[in-house]
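Here is a short note for a colleague opening this structure for the first time. Please read the points with the viewer open.

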Amino acid sequence: MSIQNILTSAVKKAVVQIFGKEIENVEFQATKKDFEGDITVVIFALLRTLKGNPAAIGEQIGAYLKENIDVVDDFNVVKGFLNLIISEEYFIQDFQSIYTIENFGIVKPNPEDKAVMVEYSSPNTNKPLHLGHVRNNLLGFSVSNIIAAAGKKVYKTQIINDRGIHICKSMLAWKKYGEGKTPESTGIKGDKLVGNYYVAFDKAYKKEISDLITQGKSEEEAKKQAPILLEAQEMLLKWEAGDEEVLTLWKKMNQWVYDGFAISYKNLGVNFDKNYYESDTYILGKNVVAEGLTKGVFEQDKDKSVWIDLTDEGLDRKIVQRSDGTSVYITQDIGTAIKRFKDYHIDSLTYTVGNEQDYHFKVLFLILKKLGFSWANNMYHLSYGMVDLPSGKMKSREGTVVDADDLMNEMTTTAREISQELGKLDGYSKDEKEELYRIIGMGALKYYILKVDPKKRILFDPKESIDFNGNTGPFIQYTYARIQSILRKSDFDYTAPISTISISDKERAVIKQIQLYPETVQLASKNQSPALIANYTYDLVKGYNSFYQSSYILGCEDENLKIFRTQLSKKVGEIIKSGFQLLGINVPERM
């Protein structure tokens, strides 16, 4: 039984015995470092039921617990906070129990429960993945892992934006300037090749705008009348009409992109259970508009366009169908959401999308609630901030985008350079070194991004992220590798349970951090925040390294203490590996 459960029951009994009152809940927090104690009861929270001086109430409850509860050795009261000192025996026994648990902190899903769906990535097929996609994929994949670890079945999905004017721009530019080039003939990755033609379109478009302005057109007229744009619009109309030549080119170039994406996703270490395609879903939702009009959720204007009025909820009027009967983006999202809840046995859907779409998702969720879908209460927008590099903000059409593949390669290169400077890889083969550089580089990238609260903007510095000290992926990976080295060198049986030992404050601190892992997984799942797992793991590693630097492990002369310290090291290693798996980060056995 956890210490909180033991103490909750004991404090409730104490309140009945001393004050003759019953309380529903007991609030705990970690004891502040300035005070002695392992866990703190917040007395202020009891004042709704108990009247009196909080310090005096704390003294009375503390005295009762010390007298009647074996696990409480002593206490002190600071204003309205009752700091409890828990017995050494409790920590040793609880650790022995934890030590025997495989996959400690991870909950198996209940097959009776409905599943959760998490959407992430959802790229356009006119250009390669960029730095923003990296944060999106890492967040979505990690949140999926964390929700699964908290005991839910999870489906990972994306909707690929494979149609529209932006796709036709790349197609048209390839037709005009491509000279039949393919990924095979050029040796260029498919998504990059297609992206090059998106950039080529933009350059040609800008030149035509400039020429038209020189001929006397206004900028607005020039933007609308540029011949290359009119050709792209004509190509889109042909696509929608099912023109065979256009569809053949569309399928061919999209496949180039999918092949390129597959390589990027593999290198990034993410995957999906289901892909949806906008070309299949863009007509979804039209029937919902008719249904919404019948229910009075939507209203039709004189020009036949259909709207929803959300002004009573503090939002605007929102169009859901144009006057020509074509759907807008939110209508597609409505239809796709309904399809997903029908396709899968889910009761919750999370969208991993940048914070520039915050308003869009407020509107989407509200419309679905008004249409009467009960599951709309379980839709969540995992909103996140922009990622910048020290050189400045990302751009796409000008060809100055921070490419995801380039970034991943740069991380491996930087890891290689720093590792070679440190010179700690004697005895490794070339292949082993390259794999280690990749693990360190990708671990650095993922950890640096995931340790930050998703809502915050990030300035990503590749060199700063690959630091073997501080709150970084490589620092934590190095600690894991150090623990594996200890276990490889242990030439004795350390599996037996140990009780007749006395532990130090630093060992006690490590056990307390280990005990927090299950509730941290649950809290990270509830808040959909990988940052909670990342920073928990860092705190665990900090505590372990403090213990490691002040204690002999394999060189300890006390046999029982040597076994205990080896067990403690092994469990810390297991939790580092588990926590990093939730973040999608690999850990090396040697470094």
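**Notes on sheets and helix packing**

1. Start with a helix on a sheet. Helix H4, residues 131-149, lies across E5, E6, strand E11 (346-354) and E12. Its direction is at about 135° to E12. Bear in mind that this is a predicted model.

2. Helix H13, residues 329-343, lies across E5, E6, E7, E11 and E12. H13 runs at about 140° to E11.

3. Now the sheet itself. What is the order of its five strands? The order is E7-E6-E5-E11-E12. The sheet is open, and the pairing is parallel. Strand E7 (274-277) and strand E12 (379-384) each have a single partner strand, so one side of each has no neighbour in the sheet. On average, neighbouring strands are turned by 25° against each other, direction ignored.

4. Look at one pair within that sheet. Strand E5 (residues 115-119) runs parallel to strand E6 (residues 154-160), and four bridges join them. Glu119 has Thr157 in E6 as its bridge partner.

5. Next, a helix pair. Packed helices are described by the angle between their axes and by the distance between the axes. For helix H18 (residues 473-489) and helix H21 (residues 530-550), the angle is about 50° and the axes are 10 Å apart. H18 is therefore oblique to H21. Their crossing is left-handed.

6. Which residues make this contact? From H18 come Phe475, Ile476, Thr479, Arg482, Ile483 and Ile486. They meet Thr537, Tyr538, Val541, Tyr544, Asn545 and Tyr548 in H21. By type, the contact has eight nonpolar residues, three polar and one charged.

7. Turn to strand E9, residues 306-309. In a regular strand, side chains alternate between the two faces of the sheet. Which residues of E9 are on the covered face, and which on the uncovered one? Val306 and Ile308 form the covered face. Trp307 and Asp309 form the uncovered face.

8. E9 has antiparallel partners. Strand E8 (residues 299-300) runs antiparallel to E9 and is joined to it by two bridges. Gln300 stands opposite Val306 in E9. Strand E10 (residues 317-321) is also antiparallel to E9, with four bridges between them. Here Val306 has Gln321 in E10 as its bridge partner.

9. Finally, check the turn between E8 and E9. This hairpin has five residues between the strands. Within the hairpin, Lys304 takes a positive phi near 80°.

Notes:
Residues numbered from 1 in each chain as written. Predicted model: local features only at pLDDT ≥ 70, side-chain atom pairs only at ≥ 80, totals over all residues. Heavy atoms only, no water. Pairing = 2+ DSSP bridges. Axes fitted to C-alpha atoms, helices over the stretch in contact; angles between N-to-C directions. Contact = heavy atoms within 4.5 Å. Parallel < 35°, antiparallel > 145°, perpendicular 65-115°, else oblique. Left-handed = near helix turned anticlockwise from the far one by under 90°. Nonpolar A, V, L, I, M, F, W, Y, C, P; charged D, E, K, R; others polar. Buried < 20%, exposed > 50% of the residue type's maximum accessible area, 1.4 Å probe, protein only.
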